[in-house]
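Let's go through this model together, asking what each label rests on. Have the sequence and the 3D view ready.

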Amino acid sequence: MSPSRRSLISRVLRTTAALGASLALCSAFAQSAKPIRIMVGFPAGGGSDAIARLLAAKLRTPLGTEVLVENRPGAGGQIAAQALKAAPADGSVLFLSHDHTISILPLVVKNPGYASETDFVPVAGIATFVNAFAVSGGTPANSFAAYVDWVKAKNGGKDAVGIPAPASTPEFLVKVIADKYKLDLVSAPYRGSAPMVTDMLGNQIHAGVGSVQDFIENHRAGKIRVVAVLGTQRQAALPDVPTFDELGLKGFEDLPYYGIYAPKGTPAAELKRLSDGVAQVLALPDVNAQLTALGLTVEYMTGEQLAKRQSAYTKAWTRIIQTSGFQPQ
């Protein structure tokens with residue numbers, strides 16, 4: 001073997017060894033990196049939990065560390081929000097939440113134990129969605145109009161409608177629906193959508209209002225019927241279900257959202273790393289398809305864009321809640 005060839009082989013071997021050592025070091029670093037916890041303010045089995053677990057499984061690759069889901073149910077997400085406020089601001093603890101905990105609770109609870117605007121920082125927006133009105137399989141209604149007629153005929157216009165949390169957007173929607181259709185509807189609050197849906201499946205309650213993702217799988221299975229959705233456009237996952245706008249219920253055009261939040265004070269570089277990771281995951285075709293199948297409209301938002309959407313949504317519901325005469329409790 002010529003000296004030049006031996007020299008080339010030697011250089012290749014040294015480079016390979018160095019690369020192997022570098023990869024081993026990166027692997028060891030990734031394995032020893034602090035795991036990231038994504039808190040969810042509702043029980044396992046609900047829509048928020050399903051979204052969090054899908055994202056957590058995929059985020060492990062771009063973030064280079066284990067990503068876990070931690071359910072902190074109770075008080076409509078209030079317990080999880082308080083835990084986020086107390087968490088270290090290093091990117092290791094995040095909160096996946098929809099509009100209720102971030103925008104609505106601070107408007108209806110006097111002392112929620114946190115202030116969204118000052119205690120949290122938006123990391124990334126995930127999607128928008130709509131709330132839906134669904135009936136249990138034990139009712140004969142195949143449409144919203146049929147449900148209204150059934151309640152009037154069977155119960156003299158009285159019925160209980162399940163909602164995932166007290167003083168939530170669904171509770172205000174129940175009140176608006178009752179006023180418009182001259183019904184005596186009482187909101188029945190649950191600790192999340194999962195127990196509400198369980199009671200609907202058992203025909204313990206005739207109807208419920210929640211996000212589309214709370215109902216869609218059982219709707220497809222024919223166990224629950226989604227009969228109307230909020231917003232001005234029909235949902236891609238439920239093309240045959242009319243909107244309340246079509247049915248004449250106006251004023252709910254501003255769509256609720258899902259986002260990921262971190263404690264205030266989290267370094268900007270870490271926030272960007274986390275947000276970029278979410279962007280990469282949402283761009284994956286299988287993730288987009290699965291979230292769409294859950295009834296979401298996938299829409300990545302930077303932290304700044306999510307903050308603007310949050311502000312606009314909060315202002316819209318401040319007006320609705322004040323007009324309703326509801327007093328914070």
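Q: In which sense do strand β6 and strand β8 pair, and over how many bridges?

A: Strand β6 (residues 158-163) and strand β8 (residues 207-211) pair in the parallel sense over 2 bridges. Two strands pair if DSSP finds at least two bridges between them, so these strands qualify. Strands here are DSSP runs of E with at least two residues, helices are runs of H or I with at least four, and both are numbered from the N terminus. Gly162 stands opposite Gly208 in β8.

Before we go on, a word on the source: this is a predicted model, where local features need pLDDT of at least 70 and side-chain atom pairs count only at pLDDT 80 or more, while totals for chains, interfaces and linings use all residues. Residues are numbered from 1 along each chain as its sequence is written, and side-chain values use heavy atoms, with hydrogens and water left out.

Q: What makes β7 and β9 the edge strands?

A: The open sheet has 5 strands in the order β7-β6-β8-β5-β9, with mixed pairing. Strands β7 (184-189) and β9 (224-229) each pair on one side only.

Q: Which strands does helix α9 touch?

A: Helix α9 (residues 212-220) packs on the sheet and touches β5, β8 and β9, where contact means heavy atoms within 4.5 Å. The direction of helix α9 makes about 120° with that of β8; such angles run from 0 to 180 degrees between N-to-C directions, with axes fitted to C-alpha atoms, for helices over the stretch in contact.

Q: Why is the pair of Tyr114 and Phe120 called stacked?

A: Rings of Phe, Tyr and Trp (its six-membered ring) pair if their centres lie within 6.5 Å; planes under 30 degrees apart count as stacked, over 60 as edge-to-face and the rest as tilted. The count by this rule is 12 aromatic pairs. For Tyr114 and Phe120 the centres are 5.5 Å apart and the planes at 25°, so the pair is stacked.

Q: What are the values for the tilted pair of Tyr147 and Trp150?

A: Tyr147 and Trp150 are 6.4 Å apart centre to centre, with 35° between the planes. They are 3 residues apart in helix α6 (residues 144-155), so about one helical turn separates them.

Q: Why does Tyr147 count as buried?

A: Buried means under 20% relative accessible area, exposed over 50%, and partly exposed in between (1.4 Å probe, protein chains only). Tyr147 has 0% relative accessibility, so Tyr147 is buried. Trp150, at 14%, counts as buried too.
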